[in-house]
Amino acid sequence: MKEGLVEVVLPGKVEPGGLRIRHGAVPAPGAGQVLIRMEATGVSFAEQQMRRGRYYDQPPYPFVPGYDLVGTVLATGAGVDPGLAGTRVAALLKVGGWASHVLVDAADVVAVPGGLRPSEAETVVVNGITAWQMLHRKARVRGGQTILVHGANGGVGSVLVQLALAAGVRVIGTASARHHDALRERGVVPIDYRTENVAARVRELAPGGVDAVFDHVGGRGVVDSWRLLAPGGTLVSYGSASTRDDEGSKSWPVLKLLARTWLWNVLPNRRHAYFYNVWGGRALAKDRFRARLRADLTQVFAALQRGDITAQIAAELPLARVADAVRLAESGTVAGKVVLNP
């Protein structure tokens, strides 16, 4: 029996139950493309924002969401090494991953090492690349330093914490109380952002300030993050989760963060601030962007194989149950990534 295409469509600003399943013909790869049979994709914070119309550069509705995927190459287009067929690869897409079959530029796929299950590898594609690049390319952490990670139990936060610990870094992490035991077991010093004064507690733990802060919350709290830095320290802001449910401009929270980090960098204060976006640099230097992505994701997969990081799968659900998957991911009750299978 011939395979058909199954994909999830986000038709507009809808509740999870408003996501639609669409059936069609499996597409053929064009020049420079590969056709991937999806084996695992995930629900990340980006899709939660897109559903609300809050992701700052999302395409117009309707579209197929899905930030990343892991799957097997079924067919190759003209100009692509036919030997890629049958290999397992990962790809960072921004949109399009919530589908049984996906066309991707061959230059954008990264080999997944043998021995990793598709769902395991999926948990560290967008989360792993984000964590690795913020830690090693932006903050350039070194063993013996102390960092603060907001949302240490989250998708990106949990990978970042483990990569930092593997590099010999001391980690302070904010999370709600129910995640503290798991964080302590890993070697993280946890702070309850709901009941404790985070800034005061961080100053107790690191009187001279911390060497880096990783902040996905944005909003007014990013000023506190900046003030907690030691001389020579680095703030990496990578989102504005605090504005997820706001009305009004979806670009404004990001523009405010960009302006703030720019201003902090030009002031003579011996500290650094970055707004990190995983797509940064792609428009200007696509080949360099791809080479860096491949190198860094390969490092993340190696860390997963070594056991430096563990795949945190919150749940695995079939594509047809995408509404349940989104509700679960947005509930704030799970640790790790909600994974969709075909």
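1. Phe-63 is buried at a relative accessible area of 8%, where buried stands for under 20% relative accessible area, exposed for over 50% and partly exposed for what lies in between (1.4 Å probe, protein chains only). Tyr-61, by comparison, is partly exposed at 27%. The rings of Tyr-61 and Phe-63 are stacked, because their centres are 5.8 Å apart and their planes stand at 10 degrees; rings of Phe, Tyr and Trp (its six-membered ring) pair if their centres lie within 6.5 Å, with planes under 30 degrees apart called stacked, over 60 edge-to-face and the rest tilted.

2. The model is a predicted one, in which local features need pLDDT of at least 70 and side-chain atom pairs count only at pLDDT 80 or more, while totals for chains, interfaces and linings use all residues. Residues are numbered from 1 along each chain as its sequence is written, and side-chain values use heavy atoms, with hydrogens and water left out.

3. There are four aromatic pairs in the structure. One of them is edge-to-face, since the ring centres of Tyr-55 and Tyr-67 are 6.2 Å apart and the planes meet at 75 degrees. Both residues lie in the loop between helix 1 (45-51) and strand 4 (68-76), so the pair ties together parts 12 residues apart in sequence; helices (H or I, at least four residues) and strands (E, at least two) are DSSP runs, numbered from the N terminus. Tyr-55 is buried at 8% relative accessible area, Tyr-67 is buried at 4%, and together with Trp-279 and Phe-289 they form one aromatic cluster.

4. Helix 3 (residues 126-138) is largely enclosed by the rest of the structure, because 10 of its 13 residues are buried. Among the buried residues are Asn-127, Thr-130 and Gln-133, and the helix is followed by Arg-140, whose phi is positive, near 50 degrees.

5. His-150, in the loop between strand 8 (146-149) and helix 4 (155-166), is buried at a relative accessible area of 12%. Its side chain makes a polar contact of 3.3 Å with that of Ser-225, the term covering a pair of N or O atoms within 3.5 Å, of which, within protein, one must be able to donate a hydrogen and the other to accept it, residues adjacent in sequence counting only if both atoms are side-chain atoms.

6. Of salt bridges, each a side-chain nitrogen of Lys or Arg within 4 Å of a carboxyl oxygen of Asp or Glu, the structure holds 19. Asp-108 forms one with Arg-290, with the closest N and O atoms 2.7 Å apart. Since Asp-108 lies in the loop between strand 6 and strand 7 and Arg-290 in helix 9, this pair ties together parts 182 residues apart in sequence. Both residues of the pair, Asp-108 and Arg-290, are buried. Salt bridges with shared partners join Asp-105, Asp-108, Arg-282 and Arg-290 into one network.
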